[in-house]
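This briefing is for a reader who is meeting the structure for the first time. The sequence and the model come first, and the notes follow by topic.

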Amino acid sequence: MHTAAIDPPGIHWLRVSPRYVTVRLVEWAFGNVLMVAVFSLPLLFVQLGWWKWPPLWFAIAVPAAFLLLALWRLVLIPRQVRAIGYAERDDDLLIRRGIFFQRTMVVPYGRMQYVDVAVGPVERLLGLCTLKLHTAAAGTNAHLPGLPAAEGARLREQLSARGEARLAGL
Amino acid sequence: MTQDQTAVDGDWHRVHPASPFVRGWVALAAIVYFFGRDTFERALQGRGTIGDNFNERTLWLLAGGALVLLLALGSFVLSWYFTRYQLAEGYVRVNTGFLFKQQRQARLDRVQAIDIVQPLLARIFGLAELKFEVADAGHSAVRLSYLKLAQAKQLRATILGRAAGIADGSETVEVPEAPEQVVLYLPPGRLVGSLILSEQSFFIVLSAIASVMISVLTESRAFILYLIPAILGLGTAYWRSFNKGYNFTAAISPDGIRLRYGLLDTQAQTVPPGRIQAVKVTQPPLWRILGWYRIHVNVAGYGEHHRSEAEHRTMLLPVGRKFEVMMMLSLVLPDPGITDPERVFTAGLTGLDSDAGFITTPRRAWILSPLGWRRNGFLATDTALLLRSGRWWRKLVVVPHQRTQSMALHQGPLARLFGVADLVLHTTPGPVAPRLIQAATDEAVGLFDQQAARARAARKLQSSEQWLAQLPPAALPVLPAPPNTVSVQHVPNQEEPHHG
C-alpha cells in the first residue's frame, strides 16, 4: 500500500484492479514498440548499405535510447497501476495517482455535473471500465481507470445519487 | 407585429425587422457589387446603363444577380419571420429556422451573465444584440439580434428581475431597470498609457532593438521589410485593445456588476452577484512605475479566454490604481471574511514574506524559485482563498470558497526533495487558473483538507440561485468609500426599492 506525503492522513485507499496492468501493457506495446521500430529503420538502411549518412554508432544509439526509455516505462507500469487509488468520503471523492509526479485530487459530490463510464476494447475483454467525472471546471481531469465493471457501475450509481443529494449551483 | 415596448408574459416576440440586414449587409453588398459591377462602371463612365455593346450576356448576368439578391432577401425575411422569443414561467425560449427548426429554452435562474452588444452598424440604427449566457463554456445560450436598444434593456431588466427571484410568476412583467451606481470610469489617457506600458510594447521594443542590430550586423536593409506585417498586426492589436477599452465604466446595481465599454462597437455586460468564479489581479513590470493593475475574472458563461471575444469580456478592470482594485474586489467579494481587507489585499498585491498572515514557500525551497519564493503564498479567509505569486509579474488570485469546483495536489520528484507541493484549484474555464506554487507539503495538505471542508460549508450556506430572494435587502454590496477619488461619482439613489 503506497501512501505518499501529499495524501491526506487517515484515508483508506481503494486500489484499481491489477488486471489494469494488462490494459496498460497493450497500450505500451502499441506506442513504444512502434516507435522503436520506426527509429530502427535508419539502422536497417545503413546496414543494408542504402543510406550513407547516419554513422553506425548514431543509428544504433537513437533506437537504443528509445528502447531503454520504453523498457523504463514498462518497468514502471505495475507500480503506476498500484499507485492509482480512490476513496469515497462523506462529501467528496478522492483520487490519487503517480509515483514520481504525484497527484491527489478531491471532487465534491455536489460539484459533479455528470459521470461517464467508458469501456475500450481491451478493457472489455478484461471486464474493466474507466470512470470519468466531470465538473463545471475543465481542469477537473478526473479519470479512474481499471475499475472492475461491477465496481464501476456501483460507483457511478453511488456518485450520481450522492451528487443529487448534495447538488449545488455553480 | 409585436414590437411594443412592454413584454407581456407568454407572448411571442420577434426581433427587429431590420436585423437580418444589419447582420447580413456584407453579403448583400457583395452580391450587388459582383453582379452590378459592369453596370456601375458604365454609369460611372457616363456611357448610359445600356451601352452600345449591350448583349445577352449582360442581361443574363443582371437577371441572375437580381435573382440571387431576391433569394437572399427572401431568406432574410423568412429567417426574421421565424425567429421568435418568449419569456414565461422562469424560462426564456427562442424558436429559429424554417426548414430546420430549432427550439431552445434556458432557465432564467441559470443566467451567468447578460450582455448587450452594439456593433457599429447596429449602433447607427439604434439596435442592440442581447446575449444570455449560461454555464456552457463560451456559447451564448440565447442571442437575440437585434432589438431596439430600449427594448433590449427592458428585456435584460426583466430577465434579471425574474432570475433574482423578485418578479416571480406574476403576469405583470414590466420590471423597471435596477438603479445603478457608477463606481469607476477609466479616462482614455490612462488607457493609452496602459497600452504603451503593456507587455506587448516591451517585447516590441526588444524586437525592434534586435532587428536593428541584425540589420546592422548583416548590412542588409531588406530585413526591415519583413517587419511590416508584424507592425500591421501589432497595430490592429493595439487598436482592438483601445477600441474595446475605451470609455470603460463599471457600475454596481442590485442586479450585479455592470461593465460598459467600447469606442465604435459598444458592449454592456451585467454579471449578477455570485457569478464570478475567480479573480486575478496582475501587474506587468512596467506598470509598477505608475502603480497600475488589471483584473481578470472567470465567469462560467464567458468561456475560454483565448477566444478573442472572451478576452475582453473577462476583463473586469483594464487598468486601475490600487484603490480601484480594492473597490472592484469589494464588489466581487462583498464579504472578504477578514477584519482588515485593505491590509490583506495590499499584502497580496505587493507584499513579501508573511505580511498580513500570508504563508509562503519555505526557505529551504528557495532554489526552486529564487525570485518568487518570498512572494508565492496563500491566505485563507473565511470566504475566499488568496493566492499570490510573481516577483516581477505580480499576481494575486482570489477564489471564493463556494466557487471551488475541485482541487488537486501535485508533487514532482524535485518538489518532494524540498518538501513542497502545488495545490491547483479547478474553476470554470477562463483566464484565471488558480494554483498555489510550492507551499510546504504539510501546509499544502492541511490547506487541501481545510479547503474541502470550507468549500463544503460555503456550498451549504448558498442554497438558492436567486440572489435577491435569499438575501435580506441590507445585504446589497456596501461600498467602502474610497478616499479622494476623482473618477468616482456617487449617485444617491441606490437604497431605493428598485422593483415594484
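Helix α6 of chain B (residues 199-218) has 20 residues, which at 1.5 Å a residue should span 28 Å, and its end C-alpha atoms agree with this, being 28 Å apart. The structure is a predicted model. Its scores are ipTM 0.87 and pTM 0.83.

**Helix α6 of chain B**

- The number of buried residues among the 20 of α6(B) is 0, so this helix lies largely in the open.
- B:Glu219 comes after α6(B) and has a positive phi, near 55 degrees.

**Chain B overall**

- Chain B holds 13 helices and 21 strands.
- Of its 500 residues, 39% count as buried.
- Taking the contacts in chain B between residues at least 6 apart in sequence, 58% join residues at least 24 apart.

**Confidence in chain B**

- Chain B has a mean pLDDT of 81, and 82% of its residues reach 70 or more.
- Over residues 1-7 of chain B, pLDDT stays under 50, and the model has 14 contacts beyond four places in sequence for them.
- Residues 470-500 of chain B also stay under 50 in pLDDT, and for these the model has 39 contacts beyond four places in sequence.

**A sheet in chain B**

- Seven strands of chain B form an open sheet with antiparallel pairing, in the order β14-β13-β12-β18-β17-β16-β15.
- At the edges stand β14 (315-320) and β15 (359-360) of chain B; each has a single partner strand, so one side of each is left without a neighbour in the sheet.
- Strand β17 (residues 384-389) of chain B runs antiparallel to β18(B), and 6 bridges join the two.
- B:Ala384 stands opposite B:Pro400, which belongs to β18(B).

**Where chains A and B meet**

- How many residues does the contact take from chain B and from chain A? Chain B gives 27 residues and chain A gives 25 residues.
- On the side of chain B that touches chain A, the elements giving two or more residues are β19 (406-411), β20 (420-426) and α12 (441-461) of chain B.
- The most comes from α12(B), with 9 residues.
- By type, the residues on this side of chain B are 14 nonpolar, 9 polar and 4 charged.
- Strand β4 (residues 102-108) of chain A pairs with β19(B) in the antiparallel sense, over 5 bridges.
- A:Thr104 has B:Leu409 in β19(B) as its bridge partner.

**The largest nonpolar core**

- The largest nonpolar core has 128 residues, and the members touching the most others are B:Val279, B:Met328, B:Leu423 and B:Ala444.
- Apart from its neighbours within four places in sequence, B:Ala444 is in contact with A:Ile6 of chain A and with B:Leu409, B:Ala421, B:Leu423, B:Leu436 and B:Ala439 of chain B.

**A buried residue in chain A**

- A:Val23 lies in helix α1 (residues 20-48) of chain A.
- Is A:Val23 buried or exposed? It is buried, because 22 other C-beta atoms lie within 10 Å, where 20 or more are needed to count as buried.
- Not counting residues up to four places away in sequence, A:Val23 touches A:Val122, A:Glu123, A:Leu126, A:Leu128 and A:Gly146.
- A:Val23 and A:Leu128 are 105 residues apart in sequence, while their C-alpha atoms are 9.1 Å apart in space.

**Backbone details in chain B**

- Most residues other than glycine have a negative phi, and most peptide bonds are trans.
- The peptide bond from B:Ser145 to B:Tyr146 is cis, with omega near -5 degrees.
- B:Tyr146 has its place in strand β7 (residues 142-148) of chain B.
- B:Glu89 is not a glycine, yet its phi is positive, about 50 degrees.
- B:Glu89 is found in the loop between β2 (84-88) and β3 (91-96) of chain B, and it counts as partly exposed, with 14 C-beta neighbours inside 10 Å.
- B:Asn247, also a residue other than glycine, has a positive phi near 65 degrees.
- The loop that holds B:Asn247 runs between α7 (222-245) and β9 (249-253) of chain B, and B:Asn247 is partly exposed, with 15 other C-beta atoms within 10 Å.

Conventions: Residues are numbered from 1 along each chain as its sequence is written. Chains are lettered from A and ligands numbered from 1 in the order in which they are written. This is a predicted model: local features need pLDDT of at least 70, side-chain atom pairs count only at pLDDT 80 or more; totals for chains, interfaces and linings use all residues. A nonpolar core is a set of buried Ala, Val, Leu, Ile, Met, Phe, Trp, Tyr and Cys residues joined through C-beta atoms within 7 Å. A residue is buried if 20 or more other C-beta atoms lie within 10 Å of its own, exposed if 12 or fewer, and partly exposed in between; C-beta atoms are placed from the backbone. Two residues are in contact if their C-beta atoms, placed from the backbone, lie within 7 Å. Helices (H or I, at least four residues) and strands (E, at least two) are DSSP runs, numbered from the N terminus. Ala, Val, Leu, Ile, Met, Phe, Trp, Tyr, Cys and Pro count as nonpolar, Asp, Glu, Lys and Arg as charged, and the others, Gly among them, as polar. Two strands pair if DSSP finds at least two bridges between them. The expected span of a helix is 1.5 Å times one less than its number of residues. pLDDT is the predictor's confidence in each residue, from 0 to 100.
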